[in-house]
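Please read the points below with the sequence and the coordinates at hand.

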Amino acid sequence: MELRPCVIQYIDLHHTAGHEANTAQVRQEHLNQGWGDIGYNAVIEMDGTVGMGRDIKYSGAHDPGMSPDGVHTMNQAAYAISHIGNFMQDIMSDAQFWPSVRLCAQKCKEFGIVPSKTTIRRHKDQYPTDCPGNNFPYERYVNEVIHLMKGDVMVDEGILIYGPDDFVPARRLAATLNNEVAIFMRNEQGMPPAAIKTAKHLFVIGGGEVNHPNQTILAGANWFATVAAVGKKLGY
Ligand SMILES: [Zn+2]
């Protein structure tokens, strides 16, 4: 594998469009073709698992198309995120979408990339291919990365509370978490704020499941049972 001759300036989005079920299988497929390693830098599996791909110190093997800098190919200038699935037919689930958006935002931060449709590109934007598929939610994807980076709120752990009564147990729980934590509260209709999606993992204290791909419910039939569920989690 060749060492990467430049700094990473772009994100390149792909789908696998094959029979492989996970990153290990994609890697094996690429090794079978005689490549030094999997061609992508990361693979987002159907359930949202982020599979590690090729070390970024080497050029990728995913897109020989010319990057907008006019000098380097996307193999040389881009961080490649692929997605298990064929988005010519499939519709991407939120479970797969959000971990990819978060990874993309993290990589934009890491490499100093200002997110836009110029810097976050699809394979087909510079190469004759369908990849990553007509159903790939590109507009939404780029917008959400921009939104995440603007808000600069990307926390490891979120805690969603039902009402003010849940604030004390939420703070107790937060104190036990070593990661960065944000506490969110539902509105009067019981709906969570849109910002919960900025948390990698969400504890739900009180109330039922919400639309978040990675949540832990700590709730009971009433306030007391909810506090007890949190206490049990904390080992009281
Ligand atoms: Zn591709």
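The numbered points below go from the whole chain to single residues.

1. Basis of the note. The model is a predicted one, in which local features need pLDDT of at least 70 and side-chain atom pairs count only at pLDDT 80 or more, whereas totals for chains, interfaces and linings use all residues. Residue numbers start from 1 along each chain as its sequence is written.

2. The chain as a whole. Six helices and nine strands are found in the chain; these are DSSP runs numbered from the N terminus, helices being H or I with at least four residues and strands E with at least two. Taken along the principal axes, the box filled by the C-alpha atoms is roughly 60 × 35 × 30 Å. Of the 236 residues, 39% are buried, a class that requires 20 or more other C-beta atoms within 10 Å of the residue's own; 12 or fewer make a residue exposed, anything in between makes it partly exposed, and the C-beta atoms are placed from the backbone.

3. Contacts along the sequence. Two residues are in contact if their C-beta atoms, placed from the backbone, lie within 7 Å. Among the contacts between residues at least 6 apart in sequence, 62% join residues at least 24 apart.

4. An open sheet with mixed pairing is formed by five strands in the order 3-2-4-1-5; two strands pair if DSSP finds at least two bridges between them. Strand 3 (50-52) and strand 5 (120-122) are the edge strands, each pairing on one side only. On average, neighbouring strands of this sheet are turned by 25° against each other, direction ignored. Angles run from 0 to 180 degrees between N-to-C directions, and the axes are lines fitted to C-alpha atoms, for helices over the stretch in contact.

5. Strands 1 and 4, and helix 3. Six bridges join strand 1 (residues 10-15) to strand 4 (residues 78-83) in the parallel sense, and Y10 stands opposite A78 in strand 4. Helix 3 (residues 94-111) packs on the sheet, where it touches strand 1, strand 2 (42-44), strand 3, strand 4 and strand 5. The direction of helix 3 makes about 175° with that of strand 4.

6. The two domains. Domain 1 (10-151) and domain 2 (155-234) are given by the domain assignment, whose bounds come from an automatic or database source. Their C-alpha centres lie 32 Å apart. Seven residues of domain 1 are in contact with five residues of domain 2. On the domain 1 side, helix 3 and helix 4 (138-151) each supply at least two residues, and the largest share, four residues, comes from helix 3.

7. Helix 1. Which residues of helix 1 (residues 23-32) are buried? They are T23, V26, R27 and H30. These residues lie on the same side of helix 1 because they cover an arc of only 100° around the axis, the arc being that of the directions from the helix axis to the C-beta atoms. Q28 and N32, on the other side, are exposed. The buried residues of helix 1 pack against strand 2 and strand 3. After helix 1 comes G34, with a positive phi near 90°.

8. G51. This residue is found in strand 3. G51 counts as partly exposed because it has 18 C-beta neighbours inside 10 Å. Leaving aside neighbours within four places in sequence, G51 is in contact with N22, T23, A42, V43 and E45.
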